[in-house]
Amino acid sequence: MTSLDPPHQTPPQTPRQNTRLKQAFGRNAPLLVVIVLIIAMVIAGALMTDRFLTLRNFTNIVEQSTGLGLVSLGQTFAVLTAGIDLSVGSVMSLASTLASGLIDKDVAQAAWVIPMVLLLCALIGATNGLLIHQLGIHPLIVTLGTGTVLQGLTLLYALSPVGGMPRALEFVAYETVLGVPIGAAIMMLLFLAAAVFLGHTRAGRDIYAFGDDAEAARLVGINRARVLLTVYGFSGLMAGIAGVYLAIRFGVGQPYLGVNYTLSSITPVVVGGTMLSGGRGGVLGTLLGVFLVGVLNNLLNFLQVSTHFQLVAQGAIIIAAVSIYVDTRRSRT
Amino acid sequence: MLSLSAIQKSFPGVRALGGVDLDVRGGEVHALVGENGAGKSTMIKIIAGAYQPNAGTIRLAGEVVRWSGPEAAKRAGIHVIYQEFVLFPNLSVAENIMVGNEIRGRFGLIDHKATAAAAARILDRLGVRLDVAAPAGSLSIADQQMVEIAKALVHEVRVLILDEPSAVLSTKEVDLLFGVVRQLRAQGVAVIYVSHRLDEIFALCDRVTILKDGLKVATRAIADTDHDGLVRLMVGRDLAQYFPPKAANPPADGPAALAFRGVSVPGRVRDATLAVRPGEIVGLAGLIGAGRTELALAAFGILPMTGTIEVKGQALRRADAQHLIRAGVGFVTEDRKGQGLFMNLDVARNVTGASLSSYLRGGFVSDKAEQIAAREEIAHFAVACRGPAGAVDSLSGGNQQKILFGRWTRACRTALILDEPTRGVDVGAKSEIYRIMRTLADSGVGILMISSELQEVVGMSDRVVVMREGAISGELTGERITEEDIMKLAAQSGRKAA
C-alpha cells in the first residue's frame, strides 16, 4: 500500500487515569466479582469450621463441581453466540443411561460404547445447530424441543437406573493427582483448551464475532452454519461427557440425571460474565462461576441447612453477582 | 397558520440550521425541498417539538409557541407522518386510529362499537374506504399510511407534515395519497410536503421552500417556477475545495476490478450492469430507495440476486461475502453499527475481522501479528483511540469509519464498495476520508462509492452511474458530472436519459 499522510494528525486521546482503571476493571469486573465472592466464602468457611480449609474438603469441592463444569463449558459456547442450549440436561440423561445400559459393568464394552455415545451426543448437538440455521428458529425453542424429545426417548429406553458402569473406571472420579481428582483435572484441561480455541483460532474468533453482530459477521465472510454446528455440536459433546462422567461416578446411569442441569448450567456462565446478548465473556469466567457454586454448596452443607436452601442461595447469587457486574458496565459509559 | 422566523439549530460541531424562515398558510400544500443534509429533517423536528431551536420563534395561528416536546406540538394540532409507520400490526385499523383515545362506555370499559364508528367517520373524512376491523398489519403500505394520517385526524389538525410520503408508494397509490392531501387542504389544513420527487411537487403543491446547507434559498409559488429552475436553486453552489484532485490519467483498459453484469434483486434492482476499473472512483448516485445499497448487499450474499459479479474479469462462482473477500473485494457498509463494527470487541479484533487468516501462525491467531496489524492501521489512518485493546463503541463516527477502512484495506486490494462513506462523520474527518479514498484509488484499487450527497459524488467521482427506481438511468463522465445532471437522472421520470 502506498503511504498515506494523514492531513491533520489528531493527537491520540490521553485517557484520564481513573478512566483507564475503571475500564480495566469494567472488562474484568465479572471475574473480580466472582473471585472476591469465592474468597469471602472461603474465609467464612474457615472461620466456621476447621474442617473447611483442608485438602480433603478441597478435593471434595472440585469433585462435586466436575459435572456442572463440563456441561457449563459447552453452554458457554452457545451463550457466546447469543444463543442457549436447553437440551444439555436431556443429553446428559441420555448419555448416562445409554452408556450404563449398554456397558452393563463390562469394561470391554466400555471401550467402544463410550466413544460411540459421545459421538452420538456431538451429532445431536450438531443437529441442534443445523435446525437453528436451517429453520431460523430461536435456539431456545429448537433446543427446548430437541431436549424434550431426547428426555422422552431416554425414558422409553429405561424408566429407572439401568445396567451399570465397570468399577475399573471409577478411578476417573475418585483417584487424585496432587489432590485433584482425575475427572476434575480433565475438566480443567478442557477449559484451558477451550480458552485457547476461542481466543486464538479462526473458528473461535468467528464465534465471538458472530455472537457480537451476526450481520457484520456475515459481511466479513463468516459462515453462519459452521459457527452454529461447531457451537451446538460442542455443547452436545460436553453434555455427553458430563453424563458419562456422572454415570461412572455414581456407578450407574440414570434417566433423570440431567433434569436439574439444564438451567444450572446457565448459572456459572452468566455469573462468570458471559452476556446473554452474545460476543462478550469467556470460559475462564465460567470456570470461576462453577467453583463459586461449588464452594457455596459446600459451605451450606457444613451449615447443615436443607439442600433446598442451596437453590435459594444459588438464585440469589446469580442476581447479586450479575447486578454488580451490570452496574459497573453502566457506569463505564 | 404556521410561521417560523430566524430558526437556528446547532449540534455539537455542526450547524444544521442557520436562521431559517418558513411561512405556511392554512389550506396550502407547501413543499420543502433540498439535498440530504440541507436541514429538512431538522426543520420538521423543530416544528414537531422533537428538537428545541437554539434561536428563533415559531408562531402558530399568530401566537408565539414553544414546545416542551412532541406531545405539546401534537396537542396544538401539529402532526407528522414519518416514513416509518408506528402501527400495531396485530391491532385492528380502528384500534390503531383510536389508540389512546378510545371511547369509553359503562364502567369505564372501552366501547368497541362506538370506537370503531368514530374511526370509520375519520376515514370517511379522508375519503378512504377501509375495513376498520382488519388488522393493520394486513393492509398494504399505502393503506397503512392512510391509517397513520387518520390517527392524526382524531384530534384537530392544523398542520400536517408528510416526510417523503411517496417514497414507499406505487404510482397508483401516490394518486390516492394526493386525493387525501387535497381533501385536507380543502378543509383548511396547512400541509408541509417533503419530497425528492420534483414531479410530485409540481403536481400537488402550491408553494415551495428550498433549503440548502441549513439556509433558506428561496420560497416560490409553484406557478412561477419550473423543473430546471427548481433544480438549480437546490444545487447551485461552489464545489468545496476539500476534495482531492481527481485521477490524473484515465483508467487503463483491461478487465474491470469489479463488475456487475445483469444483476437483478427481486423487487429492488432490475438488470443492473456497471463496471469499476482499477484506480477509478465510480460514484453510484440516486435517491434513497433507488436500489444502490441493495446492489451491494446482493453481491455480498445478503439479498438474493440473479446475474453475475466479476472480479478482475473472472465471474464469481457464487455471490457471497466469502467469495468476494477472497477475490479482494471489500464492503464498507452505510450501517456502521448494525452491519459494520463489532461494537463489543476491541479495536484490534475489529481491524483484523476480515483478514484473520493472515495472522495465523501454525493454525493459531498470533497476538503479536494481530497487534502489529492493528497498530499499523491506527497509525496509517490516524485513528484517535486508546490503542489496539481500546473499545470501539466510544469512538467518534469518523474514527469508527477509519477502523472499518483499516479492516477492509487490509483484507481487500482489488476493489472496495463504500456505502455512504462519510455518513455521520464530521467535516474534518470527511476530508481525511476523501484523501484516503483517492490514495487507495491511486494505488490501483477500484472504488464504487454509493453516496446520497451530491456534492460528494461530484467532488470525488471519476465517473458517475445513476440509479432510479431499481434500474440504472444513466452514466456521466468528465464535465457532465454536475449536480443538475445527476438530479435529472435520479429524480425525473418519463424522459429517458441518454
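Let's start at one residue, Val191(B): beyond its neighbours within four places in sequence, Val191(B) is in contact with Val29(B), His30(B), Leu160(B), Leu162(B), Val181(B), Leu184(B) and Arg185(B). Keep in mind that this is a predicted model.

The largest nonpolar core has 243 residues, and Val191(B) is listed with Ala95(A), Val244(A), Leu416(B), Ile447(B), Leu448(B) and Ile486(B) as touching the most other members. Helix α10 of chain A (residues 224-250) gives the most to this core, with 15 residues.

**Around strand β7 of chain B**

How many of the residues of β7(B) (residues 159-163) are buried? Five of its five residues are. Both faces of β7(B) are covered, with Val159(B), Ile161(B) and Asp163(B) buried on one side and Leu160(B) and Leu162(B) buried on the other.

β7(B) has strand partners too. Strand β6(B) (residues 78-81) pairs with β7(B) in the parallel sense over four bridges, and Ile78(B) stands opposite Val159(B) there. Strand β8(B) (residues 190-194) runs parallel to β7(B) and is joined to it by five bridges; here Asp163(B) stands opposite Val194(B).

**Another sheet in chain B**

Further along chain B there is an open sheet of four strands in the order β12-β11-β14-β15, with antiparallel pairing. β12(B) (269-276) and β15(B) (314-315) stand at the edges with a single partner strand each, so one side of each has no neighbour in the sheet. Strand β14(B) (residues 306-311) and β15(B) run antiparallel and are joined by two bridges; Glu310(B) has Ala315(B) in β15(B) as its bridge partner. Helix α9(B) (residues 292-299) lies across β11(B) (258-265), β12(B) and β14(B), running at about 105 degrees to β11(B).

**Two helix pairs**

Packed helices are described by the angle between their axes and the distance between the axes. Here are two pairs, one from each chain.

| Helix pair | Angle between axes | Distance between axes |
|---|---|---|
| α4(B) (residues 112-126) and α5(B) (residues 141-153) | roughly 110 degrees | within 9 Å |
| α7(A) (residues 182-200) and α13(A) (residues 283-302) | about 155 degrees | 9 Å |

At roughly 110 degrees, α4(B) is roughly perpendicular to α5(B). In this pair, Ile122(B), Leu123(B), Arg125(B) and Leu126(B) of α4(B) meet Met146(B), Ile149(B), Ala150(B) and Leu153(B) of α5(B). By class, that contact has seven nonpolar residues, no polar ones and one charged.

In chain A, α7(A) and α13(A) are roughly antiparallel to each other. Phe191(A), Ala194(A), Ala195(A) and Leu198(A) come from α7(A), while α13(A) brings Val283(A), Leu284(A) and Leu287(A).

**Where the chains meet**

Finally, let's look at the two chains together: 36 residues of chain B are in contact with 27 residues of chain A. On the chain B side, α10(B) (321-327), α11(B) (336-340), β18(B) (364-365) and α15(B) (427-442) each supply at least two residues. Which element of chain B gives the most to the side that touches chain A? That is α15(B), with seven residues. The residues on this side of chain B divide into 17 nonpolar, 15 polar and four charged.

Key. Residues numbered from 1 in each chain as written. Chains lettered and ligands numbered in written order. Predicted model: local features only at pLDDT ≥ 70, side-chain atom pairs only at ≥ 80, totals over all residues. Contact = placed C-beta atoms within 7 Å. Nonpolar A, V, L, I, M, F, W, Y, C, P; charged D, E, K, R; others polar. Axes fitted to C-alpha atoms, helices over the stretch in contact; angles between N-to-C directions. Parallel < 35°, antiparallel > 145°, perpendicular 65-115°, else oblique. Pairing = 2+ DSSP bridges. Core = buried A, V, L, I, M, F, W, Y, C linked by C-beta atoms within 7 Å. Buried ≥ 20, exposed ≤ 12 C-beta atoms within 10 Å, placed from the backbone.
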